[in-house]
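Morning, everyone. Let me put the structure up, and then we'll walk through it.

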Amino acid sequence: AAPDRGTAHDQDTTDEPAFLRACRREPVPHTPVWFMRQAGRSLPEYREIRAGIPMLESCRRPDLVTEITLQPVRRHGVDAAILFSDIVVPVAAAGVDLDIVPGTGPVVAEPVRTHADVERIRRITADDVSYVADAVRLLVAELGTTPLIGFAGAPFTLASYLVEGGPSRTHAKTKALMYGDPDLWHALCGRLADITLEFLRVQIAAGVRAVQLFDSWAGALSAADYRTYVQPHSTRVLGGLADAGVPRIHFGVGTAELLPAMAEAGADVVGVDWRIPLDVATGRIGADKAVQGNLDPCVLFAPWPVVETEVRRILAEGRAAPGHVFNLGHGVLPETDPDVLTRVVDLVHQASAR
Ligand code: CP3
């Protein structure tokens, strides 16, 4: 049976967790907080449980996914859990030969160059990622009232890994294909949108209560190119989930100039990095969306009084938006002291208590 996700429109949602209320622009008892990459190498318990198990293998083991996802919830008391997985998991399930190399990231054996390469990337079905649905169901049972966020990579960010063959600073090969062969580009992004949409639908059917679309590298593009080459595909993903009853978060890095277009693509919440204050971001996004962000992950290495000042500034700037989910502007860096993250959670809760 489908879980009761209590859609905002016609139900009393006063008992809903603060995270979901903020996403829906409803009043909250405190500003909710979670951290991108809250599960991961900043936690000694993560390093211990992952020892000797390759990243992709751990993503396919529901018992491990459940334990790793719960670790930061137990330790920090964050307002939401995020499924432990990776953006390339559904692409691997679609038949692409790839690995996640420690310290590097995803590496693709045969980068995409031709239409035949795109055709070899299969559409996925729920059966191809059944281990993800299994993990979500285990987690929903364990988490109680804490909502679980599902996620996927957006077509541009996935395409970058597939075309470059690995991480890239300039995205030069990706842009060369995009400008040089728009038909092939749209075929690739169309196929990736199919995969991403199915991957998110599987997670929603299994019980995640919000989804985040990670277009981490979209900030490499101008607004005009984003609208031409990327937005139609991300719109198809987000639009395909409009009736799913869960808030949709749309995030990228370095996207100050893209915020209006990313909001238009069909988000309920727009993720913002640290390069633009949340009140300025809200002016660009519009008053009909919540925002998520935007502490610079490197501020966590500063003395505590600096961290505290920055957290309070972000809470104040976030009040300009109709809903604010506190987060970092990008993922937790592996060298981060987890005790500082716990302190940030406590400060956000205490300083924002209504
Ligand atoms: O946020 C969470 O806690 C959930 C887990 C999560 C991971 N990857 C686990 C992971 C999420 C949401 C992702 C998404 C992801 N993966 C993105 C989008 C988010 C972002 O950071 O912009 C991207 C671009 C990737 C691709 C990727 N996978 C990178 C760049 C890396 C890091 C490479 C490295 O070793 O530094 C990975 C591997 C990865 N994904 C790790 C984790 C915890 C590290 C693997 C390890 O512990 O060895």
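Some ground rules. This is a predicted model: local features need pLDDT of at least 70, side-chain atom pairs count only at pLDDT 80 or more, and totals for chains, interfaces and linings use all residues. Residues are numbered from 1 along each chain as its sequence is written. Helices (H or I, at least four residues) and strands (E, at least two) are DSSP runs, numbered from the N terminus.

Stay with α7. This helix takes in residues 130-143, 14 residues in all. The expected span is 1.5 Å times one less than the number of residues. For α7 that gives 20 Å, and its end C-alpha atoms are 20 Å apart, which agrees. Its buried residues are Val132, Ala135, Val136 and Leu139. They fall within an arc of 100° seen down the axis, so they line one face of α7. The arc is that of the directions from the helix axis to the C-beta atoms. Buried means 20 or more other C-beta atoms within 10 Å of a residue's own; exposed means 12 or fewer; partly exposed is in between; C-beta atoms are placed from the backbone. The general point: an α-helix has 3.6 residues a turn, so residues three or four places apart point the same way. Cover for the buried residues of α7 includes α4, β1 (81-82), β4 (148-153) and α10 (182-206). Cover here goes by contact: C-beta atoms, placed from the backbone, within 7 Å.

Now α15, residues 338-352. It has 15 residues and reaches 21 Å from first C-alpha to last, close to the 21 Å expected. Leu341, Val344, Val345, Val348 and Ser352 are buried in α15. They cover an arc of only 100° around the axis, which puts them on the same side of α15. Asp339 and Gln350, on the other side, are exposed. The buried residues of α15 are covered by elements including α4 (62-76), α14 (304-318) and β9 (324-328).

Next, the annotations. UniProt, in an unreviewed entry, places a "binding site" feature at Arg37, Gln38, Ala39, Gly40, Arg41, Asp86, Tyr161, Ser216 and His330. These are spread over 294 residues of sequence, and also in space, up to 22.7 Å between C-alpha atoms. UniProt positions are in the numbering used here, feature names are shortened, and annotations may be inferred rather than shown by experiment.

Take two of those residues. Arg37 sits in the loop between α1 and α2. It is partly exposed, with 17 C-beta neighbours inside 10 Å. Leaving aside neighbours within four places in sequence, Arg37 is in contact with Gly331 and Val332. Gly40 lies in the loop between α1 and α2. Gly40 is buried, with 20 other C-beta atoms within 10 Å. Beyond four places in sequence, Gly40 is in contact with Tyr46, Val332 and Pro334.

Last, some backbone details. A cis peptide bond joins Gly293 and Asn294, with omega about -5°. Asn294 lies in strand β8, residues 290-295. Arg25 has a positive phi, near 65°, and is not a glycine. Arg25 is in the loop between α1 (18-23) and α2 (44-50). His171 has a positive phi too, about 60°. That residue is in the loop between α8 (155-164) and α9 (172-180).

Note on methods. Two residues are in contact if their C-beta atoms, placed from the backbone, lie within 7 Å.
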